[in-house]
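Subject: Structure handover

Hello,

Here is the structure I said I would pass on. My notes on what was found in it follow below.

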Amino acid sequence: MTDTPNIVEEHFHSIDSARLFSKGDPDHPPRILLLYGSLRDRSFSRLMTQEAARVLTRLGADTKTFNHSGLPLPDDADASHPKVQELRDLVSWSEGMVWCSPERHGAMTGIMKAQIDWIPLSLGAVRPTQGKTLAVMQVCGGSQSFNTLNQLRVLGRWMRLITIPNQSSTPKAFLEFDDNDRMKPSPNYDRMVDVMEELVKFTLLTRGRSDYLVERYSERKETGAALIKRVNQEAI
């Protein structure tokens, strides 16, 4: 059952438990980037993201939230645009992310998708998202839905992010926040806390070894130049 003549032996590696269970884990706080999907003055995805950031901070994480106001539409500006560079620098800084979008017309907002579209699959031969963790959340104006969550999971998989199992969908979000824009106690709040707790756990488990977790046989067969050519979106 070990007859595999198609495998190129020099690029086929056995599982390296020393790398997988390394004792040299990073000792800095987990670095979490939060993105939200609305520009409204009273944006419930932003308010939910702020609540999530507070919980993440309580759990020992270092958080940064990207303010997407002024971010151009994808391909409507050069990648040197200051807001694009800010977003890409934050993605490179992060070890995990939270994506929170409203549901609009049964889907994530264009604002949310535009942010993700500005995150490249590769910067040179380095993928800035692969092997990092991701938690997804959505807020709904009406009854509970999971359309946006499902779409965000597809994007997370495409970006080679480790998307955690738990997720948060908050129905009738306008009823969930008080006059001070703080989320009221509720099962929906508890679920958000659950998701953030799980995100920090997965981030602690995978960071420092994420490069090894997503390392793959097929790419070891390629040269660096060939890899850049294949994954570089500007070549398409």
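How far is the sulfur of Cys140 from the closest cysteine sulfur? The separation is 9.8 Å, to the sulfur of Cys100, and that is too far for a bond. Please keep in mind that the model is predicted. A search of the whole structure turns up zero disulfides, and Cys100 is accordingly in none, with Cys140 holding the nearest cysteine sulfur. Both of these cysteines are buried: Cys100 has a relative accessibility of 0%, and Cys140 has 4%.

Overall picture

The protein chain has nine helices and seven strands. Of its 236 residues, 44% are buried. Taking contacts between residues at least 6 apart in sequence, 78% join residues at least 24 apart. The accessible surface is about 12800 Å², and carbon and sulfur atoms account for 52% of that surface.

Helix H2 and the cores

Helix H2 covers residues 44-58. Its 15 residues span 21 Å from the first C-alpha to the last, close to the 21 Å expected at 1.5 Å a residue. The buried residues of H2 include Phe44, Leu47, Met48, Ala52, Val55 and Leu56, along with Ser45, Thr49 and Glu51. An α-helix has 3.6 residues a turn, so residues three or four places apart point the same way. The buried residues of H2 pack against strands E1, E2 (62-65), E3 (96-104), E5 (133-139) and E7 (168-170), and against helix H6 (187-206). Just after H2, Gly60 takes a positive phi of about 95 degrees.

The largest nonpolar core has 24 residues, and Met48, Leu56, Val98, Met137 and Met196 touch the most other members. At least two residues of this core come from each of E1, H2, E3, E5 and H6. H2 gives the most, with seven residues. Another core, of 23 residues, lies apart from this one and has Leu35, Leu90, Leu149 and Leu161 among its members.

Which residues does Met137 touch, not counting those up to four places away in sequence? Its contacts include Met48, Ala52, Val98, Trp99, Cys100, Met192 and Met196, and also Leu149, Leu152, Ser101 and Ser168.

Two loop residues

Ser43 is found in the loop between strand E1 (31-36) and H2. Is Ser43 buried or exposed? With a relative accessible area of 1%, Ser43 is buried, because the cut-off for that label is under 20%. Its side chain makes a polar contact with the side chain of Ser45, at 3.1 Å. Leaving out residues up to four places away in sequence, Ser43 touches Tyr36 and Ser38. Ser43 and Phe174 are 131 residues apart in sequence, yet their C-alpha atoms are 9.6 Å apart in space.

Thr129 is placed in the loop between helix H4 (110-118) and E5. Thr129 is also buried, with a relative accessible area of 1%. A polar atom of its side chain lies 2.7 Å from the backbone oxygen of Met159. Apart from neighbours within four places in sequence, Thr129 is in contact with Val91, Met97, Ile119, Met159, Arg160 and Leu161.

Regards

Notes
Residues numbered from 1 in each chain as written. Predicted model: local features only at pLDDT ≥ 70, side-chain atom pairs only at ≥ 80, totals over all residues. Heavy atoms only, no water. Helix = DSSP H or I, 4+ residues; strand = E, 2+ residues; numbered from the N terminus. Buried < 20%, exposed > 50% of the residue type's maximum accessible area, 1.4 Å probe, protein only. Contact = heavy atoms within 4.5 Å. Polar contact = N/O pair within 3.5 Å; in protein donor to acceptor, adjacent residues only side chain to side chain. Expected span 1.5 Å × (residues − 1). Disulfide = S-S within 2.5 Å. Areas by Shrake-Rupley, 256 points an atom, 1.4 Å probe, with all protein chains shown as cover. Core = buried A, V, L, I, M, F, W, Y, C linked by side-chain atoms within 4.5 Å.
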